[in-house]
Amino acid sequence: MAHLLHIDCSPRSERSHSKKLTREFVEAWKQAHPGDIVSYRDVGCNPVPHVDEPWIAAAYTPPEQHTPELQEAIRLSDQLVDEFLAADIYVIGSPMYNFSIPSTLKAYIDQIVRPGRTFKFEPDNPANPYKPLVLGKKMFIISARGGSGFGTGGKYEKLNYQTPYLATIFGFIGITDITFIDLENDESGGKELADAIAAARTQITQLVAG
Ligand SMILES: Cc1cc2nc3c(=O)[nH]c(=O)nc-3n(C[C@H](O)[C@H](O)[C@H](O)COP(=O)(O)O)c2cc1C
């Protein structure tokens, strides 16, 4: 029995392509794996706070030296990290915003990329100071874009700071088994969008079937 964590970050509801497709992915997954546990977090509609000065002080102070104030400053982050680490599989929906990810997803990432919890910082080993701690997991990322040509070999590939960034940051904490399902053409609509949705659905069906 595996634990799947489903994360969305579009602030849209029914109009969101990424949310529609992550929902379809998770429904198909539940049918194929009825015993699996699913948790859901929507940071688009319920954003997590940005990190602030007390958060940084707490995250970079050893837990055994935490005052009650520092414990409180890091409490939500600890809960988010606990939830993240409890999962074996992640399904993340992410729009492209201004060539990158929505700031709500970035705020979530800042909360869970934590020294001592999701990565290890070893300053005494300057050749290799960072060690990932989130190992043996699998991730599926459904990315939605208004335009097109941001994928490998595409006209705007170099402007894509969305999927390369997600691969980098989740790889940094140890999640290297990541599959991307890209849905482009929200802005053109019509047949181009319909074809893109159909292709994404086919990919989802194949991925869930394994
Ligand atoms: C603030 C904002 C910035 C956007 N920036 C881009 C962009 O840089 N490139 C792009 O192709 N689409 C861009 N879009 C379009 C979205 O990526 C597209 O509408 C996508 O489908 C949104 O995801 P959702 O359908 O899950 O809400 C942007 C949309 C918004 C609201």
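**Surface, ligand and salt bridges**

Visitor: What is the relative accessibility of Tyr156?

Guide: Tyr156 is at 35% relative accessibility, so it counts as partly exposed. Buried means under 20% relative accessible area, exposed means over 50%, and partly exposed is in between (1.4 Å probe, protein chains only). This is a predicted model, where local features need pLDDT of at least 70 and side-chain atom pairs count only at pLDDT 80 or more, while totals for chains, interfaces and linings use all residues. Numbering runs from 1 along each chain as its sequence is written, and side-chain values use heavy atoms, with hydrogens and water left out.

Visitor: Okay. Where does Tyr156 sit?

Guide: In the loop between β6 (138-144) and α6 (163-172). Helices (H or I, at least four residues) and strands (E, at least two) are DSSP runs, numbered from the N terminus.

Visitor: Tell me about Phe99, then.

Guide: Phe99 is in the loop between β3 (89-95) and α5. At 39% relative accessibility, Phe99 is partly exposed. Its phi is positive, about 70°, although Phe99 is not a glycine. Asn185 is another non-glycine with a positive phi, about 80°. Asn185 lies in the loop between β7 (178-183) and α7 (190-209), and at 14% relative accessibility Asn185 counts as buried.

Visitor: Switching to the ligand. How many residues surround it?

Guide: 17 residues do, and the closest are Ser10, Ser16, Ser18, Met96 and Asp186. The shell divides into six nonpolar, seven polar and four charged residues. Here Ala, Val, Leu, Ile, Met, Phe, Trp, Tyr, Cys and Pro count as nonpolar, Asp, Glu, Lys and Arg as charged, and the others, Gly among them, as polar.

Visitor: What does the side chain of Ser16 do there?

Guide: An N or O atom of the Ser16 side chain is 2.7 Å from an oxygen atom of the ligand. There are backbone atoms to look at too: an N or O of Gly146 is 3.0 Å from a ligand nitrogen, and one of Gly147 is 2.8 Å from a ligand oxygen. Taken alone, the ligand exposes 640 Å², and the protein buries 78% of that. Those areas come from the Shrake-Rupley method with a 1.4 Å probe; for residues, only the protein chains shown count as cover.

Visitor: And His66, is that buried or exposed?

Guide: His66 is buried, with a relative accessible area of 15%. You'll find His66 in the loop between α2 (53-59) and α3 (68-73). The His66 side chain reaches two backbone oxygens, that of Ala58 at 2.8 Å and that of Thr61 at 3.0 Å. Polar contacts are N or O pairs within 3.5 Å; within protein, one atom must be able to donate a hydrogen and the other to accept it, and residues adjacent in sequence count only if both atoms are side-chain atoms.

Visitor: How many salt bridges does a search of the whole structure find?

Guide: It finds 17. A salt bridge is a side-chain nitrogen of Lys or Arg within 4 Å of a carboxyl oxygen of Asp or Glu. One of them pairs Glu83 with Arg41, with the closest N and O atoms 2.6 Å apart. Glu83 lies in helix α4 (residues 75-86) and Arg41 in strand β2 (residues 37-42), so the pair ties together parts that are 42 residues apart in sequence.

Visitor: Last one: what about Glu72?

Guide: Glu72 forms a salt bridge with Arg75, with the closest N and O atoms 3.1 Å apart. Elsewhere, salt bridges that share partners join Asp78, Asp82, Arg114 and Arg117 into one network.

Technical notes. A residue is near a molecule or strand if one of its heavy atoms lies within 4 Å of it.
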